[in-house]
Amino acid sequence: MLGRRLSVAIGAALAAGGCMSALAPPTAVSQTETYANPIYRHNAPDPSLIRAGDGTFYAFTTQSFYDGEKVNIPIIQSTDLLEWSFVGDAFPQLPAWALKGEDADTWAPHVIHRRGTYYLYFAARSAETRTMGIGVATAEHPAGPWKARRRPLITGPRYTTIDPFVWISKNGRPWLYWGSGGVSIRAQRLTGDGLGLIGPRRRILTPSTRPYEKLVEAPWLVHRKGFFYLFYSGDRCCYAKAHYAVLVARSRSKLGPFKRFAGNPIVEANRTFKAPGHIATVADEQGRCWLLYHAMDAAEDTGLRYLMLDRIRWRRGWPQVNEGMGPTTQSAAPSVGAEMPRFC
């Protein structure tokens, strides 16, 4: 089995702007006792996750190869968050503005459901500038078909325009966060339809001399008990010399200023897994928050980034994962069902 389990479960829920459930119908419930990491032993970097109306989970990842063929934005699915199967490519044909062929790069998708439509935000290399840009596509179902806009929301310079994340404020206004390629993580308001950018651009978090922070990227917001928690990753995600971890900062405002956690990083390498990072969050039936992310198998030298799942425990107002000991190998599974809490 792709995710080694002791019994079967029906999954938890996630939607835009934190750990919000999306369109989950009443469904049968059963309980998994334990699971083992990785939950998907296939290259699946930079995951984002959403639950469809029938209760199926769909995860979207950075480009990968399946059966020897390059897949621009892989879509995988699960009914329980533990066993995953490949669905297809969100973009069998890349949008008009994106570079095609061997030099194409398509990274870090983020999916939300809003006003009856699914939105997929993603980073791709611009055919015009050869720098990275952020685009958006829409669909009626997570499995597609996805229709991408003909122009990107924003491009470059270089690798600074990557890793999109969208937060929906209480007033319904969407905000795009991204970054960073060695500069600050930034945020800017999206238009009401989610298809354009308006207003000033804000600096949210800057790189620093702290461990793992020469480069900060992969923003993800969670709102909990009056604080906005900004999860982020740094600083070298990939290849043989990968040096990557998950960190967090918090603020009373979605736009900061953000105070870094003194206990950072909250997930870093251990003897079993290395270079963990680029997270999404999902809440279970009891309101417990879980971290979906990628990591490399320390026993391998492949550079493959596998899909991982670990529980977040909140201690003195800050998140903690596995007592700071890095990714788990085997854990008690989420408590899951049809009715899910709105937030972690």
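Reader: Is Cys237 buried, partly exposed or exposed?
Author: Bear in mind that this is a predicted model. Buried requires under 20% relative accessible area, and exposed requires over 50%. Cys237 has 22% relative accessibility, so Cys237 is partly exposed.

Reader: And Cys238, buried or exposed?
Author: The cut-off for buried is under 20%. Cys238 has a relative accessible area of 13%. Therefore Cys238 is buried.

Reader: What is the handedness of the disulfide that Cys237 and Cys238 form?
Author: The sulfur atoms of Cys237 and Cys238 are 2.0 Å apart. A search of the whole structure finds one disulfide. The torsion about the S-S bond is about -85°, so the disulfide is left-handed.

Reader: Which residues touch the most other members of the largest nonpolar core?
Author: In general, nonpolar side chains of soluble globular proteins tend to be buried together. Here the largest nonpolar core holds 59 residues. Those that touch the most other members are Trp84, Tyr177 and Phe231.

Reader: Is Tyr177 buried or exposed?
Author: Beyond its neighbours within four places in sequence, Tyr177 is in contact with residues including Trp167, Ile204, Pro219 and Leu255. Its relative accessibility is 0%, so Tyr177 counts as buried.

Reader: What is the arrangement of the pair Tyr119 and Tyr121?
Author: Tyr119 and Tyr121 are buried. Their centres lie 6.4 Å apart, with 15° between the planes. Under 30 degrees counts as stacked, so this aromatic pair is stacked.

Reader: Which ring does the charged end of Arg250 sit over?
Author: One aromatic cluster is formed by Phe227, Tyr229, Phe261, Trp314 and Trp318. The charged end of Arg250 is 4.0 Å from a ring centre. That ring belongs to Phe227.

Reader: What is the bridge partner of Ile76 in E7?
Author: Strands E6 and E7 pair in the antiparallel sense over four bridges. They form a hairpin with six residues between them, and Leu81 in the turn has a positive phi of about 75°. In E7, the partner of Ile76 is Phe86.

Conventions: Residues numbered from 1 in each chain as written. Predicted model: local features only at pLDDT ≥ 70, side-chain atom pairs only at ≥ 80, totals over all residues. Heavy atoms only, no water. Pairing = 2+ DSSP bridges. Helix = DSSP H or I, 4+ residues; strand = E, 2+ residues; numbered from the N terminus. Core = buried A, V, L, I, M, F, W, Y, C linked by side-chain atoms within 4.5 Å. Buried < 20%, exposed > 50% of the residue type's maximum accessible area, 1.4 Å probe, protein only. Contact = heavy atoms within 4.5 Å. Disulfide = S-S within 2.5 Å. Phe/Tyr/Trp six-rings, centres within 6.5 Å; stacked < 30°, edge-to-face > 60°. Lys NZ or Arg CZ within 6 Å of the ring centre and 35° of its normal.
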